[in-house]
Amino acid sequence: ETKTVSAFEKQISGFSTFILKLVVITLAFVFALNLGLKGLDRIEELILFSIALTVGVIPEALPIVSTIAMSRGAMRMAKRNVIVKRLSAIDDLGSIDILCTDKTGTITQNILHVADVHADDADACLRYALLGSSFLGEREKQPNNAFDVAVWKHVSSRTRRECSSAKKLAELPFDPVRRRNAVLVEEGGGNLLIVRGSPDDVLPLCADVPDQLALGKYLAAQGLSGNRVIAIAVRRDVPAELDLERASSSLTFAGIISFHDPLKRDAAMAARRAAALGVQIKILTGDSKEVAGAVALKLHLVSDALEVITGAEFGALEPDAQLRAVRDYHVFARVNPRQKFAILALMQQNNVVGFLGEGFNDAPGLKMANVGLAVEGASDIAKEAADVILLNRNLSVIFDGIEEGRRTFANTIKYLKVTLASNFGNFYAVAVASFFIDFLPMKPVQILLLNLLTDVPMITIAADTVDTSELKKPRHYDARHLVLYTTVLGFVSSIFDFTTFALFQKYGEGMLQSLWFTVSALTEIVLIYSLRTSKFFLKGSRPAPSIIALSIGAAALAIIIPLSPFGTKVFGFARPSGQHMLMVFGIVALYLVATETVKRLLIKTSINGNGKHA
């Protein structure tokens, strides 16, 4: 029931608050100054003018644009067998710079086979391991644990029959903190307790472990080879009524079984793709330090297999040192669910984090992460807590989702840049012009018509194509830098608005309003083509067909309406002459050149495509 706020919601909320404050303060100043200069004679018209200006400058189509962009991304991901449960998770995926994942089943196949048995009696050790399986007594079913499956396939059919006929009396299930299980079976007229689990947790329970130095070397060698191991220990003649936790002491060491868990075929490619996208993969696993380090080394996540920190080592650090550890280490071994949660919480202080989990104990981390991902075979509670469900246990589809998220982000930012640059320019130009002339530079109904015409092609930005350069690294909303970027371009727009005012104000109220309306509409439309790419507008990715079609339609209406009887009657336009229209087209062409020039200068002075200093 924990309510989490996504990174997208936080960023958009902060951005919206900033824009609203800016607009309200500016509008209050303009209204008060107009009132002081011109008095109360035209107060009703001034109120309508202020409301229209507010509607004109606020990017009210942002919810539509972002929803369409994210919905398209979710539909694309569904075709790749990825189900998005929370729509804003698409945008959050594009923002993540750290992906935390378990090792088993995501990086490795979790299809084990027995690689080696280190025991005085290998057959007996394997037999004990099978007797300690949790599936005993379910003779119709195959084992569902990867270790059990490997042992089941490795032993002879005779051993399988013997173990399947054994009677289970009691069981202590595996626990991620205890890291061992215990099974009490009836065998040969007596009760046999089998304990299986991590050597670190089973060996201390044994009364005597032969040649501990050699055993330690063996375990280290297996770990550095990437093999997973379990220790087997037994105790005979245990009373059936004895608590298994208490009975799990004074055990007899039976041996170590080593299992090979091969990497997934796409794991190395996924790691390279993550690096190309600027995403750090961090492994959080319950496996040993050596195993985790060996796997990370194969994927080039670390340069040395010893660059691993355990959950115990992490827990012993001071808070400041823990913060440095989550930044510097890429592999965390022997971590329990509580430690995973603490590591994720620290990472999220400075990063946007995705977490891929599948166990019931991963649910808190999945709920808290900026993006929680679970695989189809995960526990029900893990899938319930996750934002994204992967129908294939495949890391590559996550990076497909990251690219989709970045497309969504890029198109949302395009919309914001275009609408704010044009709206800020018109807002300030119209507001300032209102001080110097006796009539309103544009009627409220004309401002609203302008907003409607230009918003239609702007909304289709949600379906636009994206330059490949926009997908190479995670990006985040930064309101102040975005406003800085759009204010500079808005200033350019204002210059051309004042030029229009200077050229046409001598023709009277109706003609100035008509020509200013047409110039404003056409400049906003060409601005879409300029700001949709950081490159020269003719060298960027090809615009989506919907943008081309609707922008041509909007431009045609912006020219036709002032020329038509309908426009003069309903919106109060004056019919422009052919010479006036040629002057309008010249202003628009010069505006495109100026915008392209300023855009390139802004990029060269380290303000990148999302409005954030590089």
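A salt bridge here is a side-chain nitrogen of Lys or Arg within 4 Å of a carboxyl oxygen of Asp or Glu. The model is a predicted one, in which local features need pLDDT of at least 70 and side-chain atom pairs count only at pLDDT 80 or more, while totals for chains, interfaces and linings use all residues. Residues are numbered from 1 along each chain as its sequence is written, and side-chain values use heavy atoms, with hydrogens and water left out.

By that rule, 25 salt bridges turn up. Side chains of opposite charge can pair when their charged atoms come close. Take Glu313 and Lys289, whose side chains meet at 3.3 Å, N to O. This pair links distant parts of the chain, 24 residues apart, with Glu313 in helix α13 (residues 311-315) and Lys289 in helix α12 (residues 289-298). Helices (H or I, at least four residues) and strands (E, at least two) are DSSP runs, numbered from the N terminus. Glu313 has a relative accessible area of 35%, so it is partly exposed, and Lys289, at 25%, is partly exposed as well. For these labels, buried means under 20% relative accessible area, exposed over 50%, and partly exposed in between (1.4 Å probe, protein chains only).

Arg228 and Asp261 form a salt bridge with their closest N and O atoms 3.6 Å apart.

Next comes helix α3 (residues 62-79). The expected span of a helix is 1.5 Å times one less than its number of residues; for the 18 residues of α3 that gives 26 Å, which agrees with the 26 Å between its end C-alpha atoms. Buried residues in α3 are Leu62, Val65, Ser66, Ala69, Met70, Gly73, Ala74 and Met77. They cover an arc of only 160° around the axis (taken from the directions from the helix axis to the C-beta atoms), so they lie on the same side of α3. The face turned away from that buried side carries the exposed Met75 and Lys79. After α3 comes Asn81, with a positive phi near 65°.
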